[in-house]
Amino acid sequence: MRTLVLEQPVDKAPARDWGLLYLFGLIAAAAYATYFAPKFATNAFWVMVLGAYFYSKNEPLWLAFFLTISDGFWGFFDNYEAVLSVIPGLPPIEIGHFYIILAAVKASRKPANFHPFYNPMLIVLGSYVLFLVLQGYAIGLKGTINAQFKMLKHIMPLLIFVSLPRLMDRMEDYRRFFYYFMPMAFTSLFAQLFTISSGVTPAQALGLHKEAWFIENLKRGSTYRGFYSTGAVLISFLGSLFYLADKKGSFPRTYLVVVAIANFFAAYLSATRGWVVGFTLSMLLCMLFVYKLTPKYIFTTSAGFIAALTAMSYIPAFEKQITDAFERILTLQSLAGGDLSAGGTLIRLSTRSPIVLGYWKESWLTGWGFSDFYFTHNDVHVANQNILMHSGIIGFTLLLAFFAYFLLRLWQAYKKLPKKHNLRDQLLVFPMFFIGWFFIHSTSGQLFGYYFEPDKAFPLAIFISLGAVIYRQVQTDQEKAHKRNAS
């Protein structure tokens with residue numbers, strides 16, 4: 001057993017450049033252009049930004065920017081706010097969709113020197129998406145342009161799963177991406193603390209007068225349920241766990257621990273039970289099986305976290321929310337006791353799930369596909385049931401088979417590596433993180449499936465693309481070692 005020592009010497013963080021400042025400058029400019037500039041100026045701004053990306057070679061920086069725009073920042077960039085109108089008579093298109101299209105074009109122009117190991121399984125899933133489209137037409141899909149446009153927008157983000165591994169095919173690309181993006185953990189936590197203490201979102205405080213349902217709950221004395229930038233919280237949490245297992249010390253370990261804690265606090269303050277339990281699962285599994293921390297170290301870390309929560313509870317602005325969040329998490333005891341509603345707080349299992357499963361049973365083998373029936377009755381609050389209704393038992397099985405194949409190949413690579421190999425522990429982070437992620441998906445809202453909005457597609461694409469890149473690096477290292485031994 002070895003203990004993770006935060007003070008141990010590590011390599012310096014990535015060389016500081018202007019990229020981080022440029023990223024936040026772009027975000028500020030995008031917020032001003034979206035909310036305060038005239039419409040023509042807003043369109044001109046986004047055209048220039050998309051053009052700058054298309055001719056740029058800094059993929060990690062632009063991925064961090066467009067993920068932020070798609071995911072939200074301080075209450076800015078909610079759904080259908082950062083948009084560009086290009087086709088008269090049709091709804092405007094989110095900027096994230098334009099990025100995905102341009103990324104696919106750039107990827108098609110780059111030599112295919114890298115073929116992820118999961119490509120055969122990805123082709124199977126892509127073929128099933130095509131089947132679901134055809135099935136939707138067969139069952140019944142409106143022939144209006146808007147209906148066709150809606151389906152296309154749902155499917156288009158799938159392109160990022162093909163283009164990202166080609167655009168970012170080195171470990172260094174992902175290190176730079178996380179260098180740019182992990183600070184978003186602190187901006188999300190700041191937004192939580194600011195909203196709870198002031199009663200308004202940061203966006204409202206900066207002059208954007210917009211209602212927010214969770215603010216109304218706060219005013220009524222109900223439990224605050226706001227959660228900013230969930231994609232940023234998820235991906236920066238992955239980055240912190242992944243690089244804590246990096247023997248080379250790409251980032252200072254103390255910084256990574258603080259990032260992980262900030263993400264956990266952001267999830268906890270949202271009183272979202274699935275996220276709290278999911279993050280706890282991933283952290284504990286990594287502590288036990290990846291970092292191999294001693295029980296004493298885990299106990300000390302947990303005690304420190306509880307002490308921090310206790311200290312915050314003495315601040316009047318946060319006392320109620322910390323207590324409410326804790327009480328909400330405790331309602332899971334009722335679920336363990338057989339109460340599917342968890343004391344009336346979890347209607348997704350007691351009410352929503354039976355309805356969706358009822359629709360699935362009417363077409364249990366292949367689901368309802370991209371049909372009007374599915375678009376009318378889908379419910380992302382019950383994720384796995386919704387996938388069953390959309391794609392049937394065949395689609396659900398194929399999706400689980402893809403994740404099982406992906407994680408199993410990484411596990412096999414992990415087992416073959418010598419214990420001193422610098423990438424060995426990082427391979428094990430993937431299954432540990434995915435267990436918590438799948439728990440969140442299953443309990444708090446759909447994060448996987450056969451179609452996505454950009455903010456949901458980016459985290460999964462980053463996860464599997466990073467897995468493919470580290471798998472290839474491991475294979476390369478093994479081949480070099482074999483040649484050295486042979487000579």
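Among contacts in this chain between residues at least 6 apart in sequence, 77% join residues at least 24 apart. That is a handy place to start reading this structure, which is a predicted model. The chain is built with 22 helices and two strands, and 53% of its 487 residues count as buried. Its accessible surface comes to about 21700 Å², with 66% of that belonging to carbon and sulfur atoms.

**The nonpolar core**

Let's go inside. The largest nonpolar core holds 157 residues, and Phe65 and Phe463 have the most contacts inside it. Helix α22 (residues 454-486) gives the most to this core, with 13 residues. What does Phe463 touch, not counting residues up to four places away in sequence? Its partners are Leu238, Phe406, Leu407, Phe430, Phe433, Phe434 and Trp437.

**An enclosed helix**

Helix α7 (residues 160-167) is worth a look on your screen. Six of its eight residues are buried, so this helix is largely enclosed by the rest of the structure. Which residues of α7 are buried? They are Ile160, Phe161, Ser163, Leu164, Pro165 and Leu167. Around them, the packing partners are α2 (39-54), α3 (59-71), α4 (95-108), α5 (119-139), α8 (171-181) and α22.

**Aromatic pairs**

A pair of aromatic rings is described by the distance of the centres and the angle of the planes. Two examples are set out below.

| Pair | Centre to centre | Angle between planes | Arrangement |
|---|---|---|---|
| Phe66 and Tyr99 | 4.6 Å | 20° | stacked |
| Phe406 and Phe430 | 6.3 Å | 75° | edge-to-face |

The planes of Phe66 and Tyr99 are at 20°, and under 30 degrees counts as stacked, which is why the pair gets that label. Phe66 lies in helix α3 and Tyr99 in helix α4, so this pair ties together parts that are 33 residues apart in sequence. Both Phe66 and Tyr99 are buried.

The pair of Phe406 and Phe430 is edge-to-face, with 75° between the planes. This pair links distant parts of the chain, with Phe406 in helix α20 (residues 383-416) and Phe430 in helix α21 (residues 424-444), 24 residues apart. Phe406 is buried, with a relative accessible area of 0%, and Phe430 also counts as buried at 0% relative accessibility. Phe406 and Phe430 are both among the residues that Phe463 touches.

Leaving aside neighbours within four places in sequence, Gln135 is in contact with Ser363, Thr366, Gly367, Trp368 and Gly369.

Ala383 is found in helix α20 and counts as buried at 0% relative accessibility. Not counting residues up to four places away in sequence, Ala383 touches His441, Gly445 and Gln446. The C-alpha atoms of Ala383 and Ile440 are separated by 9.7 Å, although these residues are 57 apart along the chain.

**Out on the surface**

To finish, turn the model to find a nonpolar patch on the surface. Trp364, Leu365 and Ile394 form this patch, with about 280 Å² of accessible area together. Where does Trp364 sit? Trp364 is found in the loop between α18 (347-361) and α19 (372-377).

Definitions and conventions: Residues numbered from 1 in each chain as written. Predicted model: local features only at pLDDT ≥ 70, side-chain atom pairs only at ≥ 80, totals over all residues. Heavy atoms only, no water. Core = buried A, V, L, I, M, F, W, Y, C linked by side-chain atoms within 4.5 Å. Buried < 20%, exposed > 50% of the residue type's maximum accessible area, 1.4 Å probe, protein only. Helix = DSSP H or I, 4+ residues; strand = E, 2+ residues; numbered from the N terminus. Contact = heavy atoms within 4.5 Å. Patch = residues over 30% accessible without salt bridge, like charges linked within 9 Å, V, L, I, M, F, W, Y side chains within 5 Å. Areas by Shrake-Rupley, 256 points an atom, 1.4 Å probe, with all protein chains shown as cover. Salt bridge = Lys/Arg side-chain N within 4 Å of Asp/Glu carboxyl O. Phe/Tyr/Trp six-rings, centres within 6.5 Å; stacked < 30°, edge-to-face > 60°.
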